[in-house]
Amino acid sequence: HVSDESEDSEDREADGRHELVGSRILEEHFIPAVTEPGKLHVAAKRYLCATESEYFATLSPVSVRSLELQGGPFTDAQARAFEENPHYADAVQLRRYDERAKDPEMVTPDFEHFRPHLEAGLKSDA
């Protein structure tokens, strides 16, 4: 059990920084190419809201509320700085996957499909 609050909790009063909590756990076992995009999960939402006007319109009311708690859309300067991060493109793609995963009709491959990818991302000492 990691946290009692999720990003999608409607009654949150503060940003629980779930992206950092999750990354700390994953960093014990996975390489940065796996963990850094997750760490940038919230930044990617703020970036997409600043750079793609249609993206904000796709957010649920709960996600709009969490965006407010997380600092709102990036400014132009923040967006440009985010683009300097070597993991920003993967973080944006992960964010898009996250949004698609909220579709209850989504059908995904079974675990065995993902196993080679997970194993490839493990630290050599894990």
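**Helix 3 against helix 7**

I read an angle of about 85 degrees, with the axes 8 Å apart; axes are lines fitted to C-alpha atoms over the stretch in contact, and angles run from 0 to 180 degrees between N-to-C directions. Helices here are DSSP runs (H or I, at least four residues), numbered from the N terminus.

I then listed who touches whom, with contact meaning heavy atoms within 4.5 Å. H41, A44, K45, Y47 and L48 of helix 3 meet Y88, A91, V92, R95, R96 and D98 of helix 7. I sorted the residues of this contact into 6 nonpolar, 1 polar and 4 charged.

**A note on the model**

This is a predicted model, where local features need pLDDT of at least 70 and side-chain atom pairs pLDDT 80 or more, while totals for chains, interfaces and linings use all residues. Residues are numbered from 1 along each chain as its sequence is written, and side-chain values use heavy atoms, leaving out hydrogens and water.

**Aromatic pairs**

I searched the whole structure and got 4 aromatic pairs (ring centres within 6.5 Å). For Y47 and Y88 I noted centres 5.7 Å apart and planes at 70 degrees, so this pair is edge-to-face (planes over 60 degrees apart). The pair joins distant parts of the chain, Y47 in helix 3 and Y88 in helix 7, 41 residues apart.

**Helix 3 against helix 5**

Next I checked helix 3 with helix 5 (residues 61-69): their axes come within 11 Å and cross at roughly 100 degrees. K45, R46 and C49 of helix 3 make the contact with S63, S66 and L67 of helix 5. I counted 2 nonpolar, 2 polar and 2 charged residues there.

**Largest pocket**

Last, I looked up the largest pocket, which holds about 860 Å³ of space. I used a 1 Å grid and a 1.4 Å probe; a pocket is an open set of points with protein on both sides within 12 Å along at least five of seven lines, and lining residues have an atom within 4 Å of a point. Of the 26 lining residues, Q93, L94, Y97, D98 and F114 are the closest to its centre. Helix 7 gives the largest share of the lining, 6 residues.

Technical notes
Grid points are joined across faces, edges and corners, and a volume is the space filled by probe spheres set on the points. Helices (H or I, at least four residues) and strands (E, at least two) are DSSP runs, numbered from the N terminus. Ala, Val, Leu, Ile, Met, Phe, Trp, Tyr, Cys and Pro count as nonpolar, Asp, Glu, Lys and Arg as charged, and the others, Gly among them, as polar. Rings of Phe, Tyr and Trp (its six-membered ring) pair if their centres lie within 6.5 Å; planes under 30 degrees apart count as stacked, over 60 as edge-to-face and the rest as tilted.
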